[in-house]
Amino acid sequence: MLNKTVPIFTFVLGVLITVAIAFSWKSCKSEKTEVINKDYYLLNNQISKLNKMVVLEQDFSSFQTHKSAAFSIAGYDVMPKEMVLYTTAKAQVSYDLSKMKIKVDSANKKLIIEELPRAEIKVFPEVKIHFMNDYALNRFDKKNLNSIMESAKANMVKNVDKKDLEKKGRKQLFENLNDIFVLAKALDYTIEDDTGILQKIQTESL
C-alpha cells in the first residue's frame with residue numbers, strides 16, 4: 001500500500017510544481033510585456049508632443065547710407081543728396097519635427113534616430129529712414145525711395161550669417177530633444193543616431 005502511495009504523491013507533486021512554474025512564467029512574461037508597452041507609450045508620447053517649433057530667434061540691425069548728386073563739376077558734387085537708413089531684421093531657425101523619424105525598439109531597449117529635419121532659416125527685414133537730406137531740384141522720388149529701401153533689405157538678408165545661425169539652431173534643437181534622451185536613459189534605453197547630426201552637434205560644442 002505504501003509503495004503505491006509514494007508514486008501517486010510524487011506524480012501529484014510534479015503536476016503542482018509544473019503548474020506553479022507555468023503560472024510563474026506566464027506572470028513574468030505578462031509583467032515584462034507590460035513594462036515594454038509602458039516604456040513604448042512613455043517614449044512615443046514624449047516624441048508626439050514635439051511639433052513644428054521655432055528653436056532660435058536672433059535680431060540684427062545696421063545703418064546704411066546712400067549718397068548721390070544731380071551731377072558733378074570738376075570732381076565736385078552739385079546738389080548732393082543723402083539718406084541714412086536704419087535696417088533691422090529678425091532671423092528665425094525652425095525645425096519641422098513632424099518630419100522627424102525616431103524608432104522606439106522596446107524589445108532591444110533602443111531609441112533609434114533615423115532622420116532629423118533640415119533647418120528652415122527665415123529673415124524678416126524692416127527699413128526706416130533715419131536721416132534724409134536733399135534739394136528741391138534733386139529730390140528722392142517715390143520710385144528711388146522704394147528701390148533704395150528694397151536694396152537695403154536685400155543687403156541685410158545677404159549679410160546675415162546663415163551658417164552660424166544653423167549651427168546655433170542645431171545646438172538648440174539638441175537641447176529641445178534632450179527631454180526625450182533623458183527619459184530614454186532613465187528607462188535604460190541606448191540611443192543610436194543614424195543621422196550623424198547629434199555627433200556633429202557635440203563636436204561643435206567642444
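A: Helices (H or I, at least four residues) and strands (E, at least two) are taken here as DSSP runs, numbered from the N terminus. On that basis the protein chain has 4 helices and 6 strands, and their order along the sequence is α-β-β-β-β-β-α-α-β-α. The model is predicted, and local features need pLDDT of at least 70, side-chain atom pairs count only at pLDDT 80 or more, while totals for chains, interfaces and linings use all residues. Residues are numbered from 1 along each chain as its sequence is written, and side-chain values use heavy atoms, with hydrogens and water left out.

The aromatic rings come next. A pair of aromatic rings is described by the distance of the centres and the angle of the planes. Rings of Phe, Tyr and Trp (its six-membered ring) pair if their centres lie within 6.5 Å; planes under 30 degrees apart count as stacked, over 60 as edge-to-face and the rest as tilted. This rule gives a count of 2 aromatic pairs.

One of them joins Phe63 and Tyr86, a tilted pair with 4.9 Å centre to centre and 40 degrees between the planes. Because Phe63 lies in strand 1 (residues 53-73) and Tyr86 in strand 2 (residues 76-95), the pair ties together parts that are 23 residues apart in sequence. For accessibility, buried means under 20% relative accessible area, exposed over 50%, and partly exposed in between (1.4 Å probe, protein chains only). Phe63 counts as exposed because its relative accessibility is 52%, whereas Tyr86, at 31%, counts as partly exposed.

Phe174 and Phe181 also form a tilted aromatic pair, with 5.8 Å centre to centre and 45 degrees between the planes. Phe174 has a relative accessible area of 21%, so Phe174 is partly exposed. Phe181 is buried, because its relative accessible area is 5%.

A charge sits over a ring if NZ of Lys or CZ of Arg is within 6 Å of the ring centre and within 35 degrees of the ring normal. The charged end of Lys81 meets this rule over the ring of Phe140, 4.5 Å from its centre.

Phe124 belongs to strand 5 (residues 120-133). With 43% relative accessibility, Phe124 counts as partly exposed. Contact means heavy atoms within 4.5 Å. Apart from its neighbours within four places in sequence, Phe124 is in contact with Thr88, Ala89, Lys90 and Gln92. Between the C-alpha atoms of Phe124 and Met156, 32 residues apart along the chain, the separation is 9.4 Å.

Two strands pair if DSSP finds at least two bridges between them. Strand 3 (residues 101-105) pairs with strand 4 (residues 110-115) in the antiparallel sense over 5 bridges; Lys101 has Glu115 in strand 4 as its bridge partner. These two strands form a hairpin with 4 residues between them, and Lys109 in the turn has a positive phi of about 50 degrees. Most residues other than glycine have a negative phi, and most peptide bonds are trans. Lys109 is partly exposed, at 28% relative accessibility. Asp188 likewise has a positive phi, near 65 degrees, and is not a glycine. Asp188 lies in the loop between helix 3 (162-186) and strand 6 (190-193), and its 60% relative accessibility makes it count as exposed.

For the protein chain as a whole, 25% of its 206 residues count as buried. Among contacts between residues at least 6 apart in sequence, 77% join residues at least 24 apart.
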